[in-house]
Amino acid sequence: MRIIVLDGHTLNPGDLSWKALSDLGKCTVYPRTTHDDILPRSREAEIILVNKVALTGQSIRNLDKLAYIGVMATGYNVIDIAAAAEQGVIVTNVPTYGTSSVAQMTFAHILNLTQHVGAHGIGVRQGRWCESDDWCYWDSPLVELDGLTLGIIGFGRIGHAVSRIGHGFGMNVLTYTRPQPIDIPAHVTATDLNTVLSQSDIISLHCPLTPENEHLINEERLKLMKPTAILVNTSRGGLVEEEALAHALNSNVIAGAGLDVLSAEPPSSGNPLLTANNCHITPHIAWATSAARKRLMSVIVENVKAFLSGKPQNVVN
């Protein structure tokens, strides 16, 4: 069985092993693949694994030997799954592997925006504490989470994990999600979207990107938020209308934002959020802890094994 990995570098920059995958067939791993290289590299492949390389319907139809596409992530919008189904090509994903890591990054952003640890640490290294007239100093208000309201939009596995951490900090937790969940914990109150937006001190997004919720956070909804509110997005960049968020930050409609995702990745240098007031952006790394990537690699291999055994799992088409 010929296995091709088209963009293996992000998952495995060198600290993991591809051996378990190569044990299943003749395996070639490319660190990165451009659109023009997809067909030349994949013509002999029966199994293709991708992370963010897009496989269009045209590409899939031109790969006569292709039987299986394994998406090395949860989101599979990079694959034309309808075209794959027409060609009899099975597509799988990895539905869960980074729940704890993404929840952890969510609170890394929350704590950064409320405690300003990084900024104060840089100031100390620059000598500001040594030069201080007082025994301590702080540049921005320091915010205690106990008693504040955390609004979670989307209440799947990650939303649940974030709610538990928030509850541990003594926060009141609200959630809005579709469809209405039946397993809401006692420490969480499910309510409507406008209530979450207007009553929360911190709003965290944890829903998939769909045509229905693209730009869920827009100019109108940002105006519903408290002027002291913080928005955190570790889910999908397209959930946020970026021009509107930048304007809201620059005009003090809301107080700050912590983002691990943007609508285009990598972003263009002209993205307005890169220079917006009190906007802290990390390069889509919430998923990328060593532990999460090891789990991801393990499920990728198990998905291929299941396909080869005739009992495919985590099929999305």
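Helix H5 (99-115) and helix H6 (117-125) each contribute at least two residues to the lining of the second largest pocket. Helices here are DSSP runs of H or I with at least four residues, strands are runs of E with at least two, and both are numbered from the N terminus. The model is a predicted one, in which local features need pLDDT of at least 70 and side-chain atom pairs count only at pLDDT 80 or more, while totals for chains, interfaces and linings use all residues. Residues are numbered from 1 along each chain as its sequence is written, and side-chain values use heavy atoms, with hydrogens and water left out.

The second largest pocket holds about 360 Å³ of space. Of its 19 lining residues, Leu113, Thr114, His116, Pro141 and Asn278 are the closest to the centre. A pocket is an open set of points on a 1 Å grid over the protein atoms alone, where a 1.4 Å probe fits, with protein on both sides within 12 Å along at least five of seven lines; a lining residue has an atom within 4 Å of a point. The volume is the space filled by probe spheres set on the points. By residue class, the lining comprises eight nonpolar, nine polar and two charged residues. Asp, Glu, Lys and Arg count as charged, Ala, Val, Leu, Ile, Met, Phe, Trp, Tyr, Cys and Pro as nonpolar, and the others, Gly among them, as polar.

I turn to the aromatic rings. Rings of Phe, Tyr and Trp (its six-membered ring) pair if their centres lie within 6.5 Å; planes under 30 degrees apart are stacked, over 60 edge-to-face, and the rest tilted. The count comes to two aromatic pairs. Phenylalanine 107 and phenylalanine 169 are stacked, because their ring centres are 5.5 Å apart and their planes are at 10°. Phenylalanine 107 belongs to helix H5, whereas phenylalanine 169 lies 62 residues away, in the loop between helix H7 (157-168) and strand S7 (172-176). Phenylalanine 107 is buried, at 4% relative accessible area, and phenylalanine 169 is partly exposed, at 35%. Buried means under 20%, exposed over 50%, and partly exposed in between, with a 1.4 Å probe and protein chains only.

Finally, the nonpolar core. Such a core is a set of buried Ala, Val, Leu, Ile, Met, Phe, Trp, Tyr and Cys residues joined through side-chain atoms within 4.5 Å. The largest has 28 residues, of which Ile153, Leu231, Leu245 and Leu273 touch the most other members. Helix H10 (242-250) is among the elements giving two or more residues, and H10 supplies the largest share, five residues.
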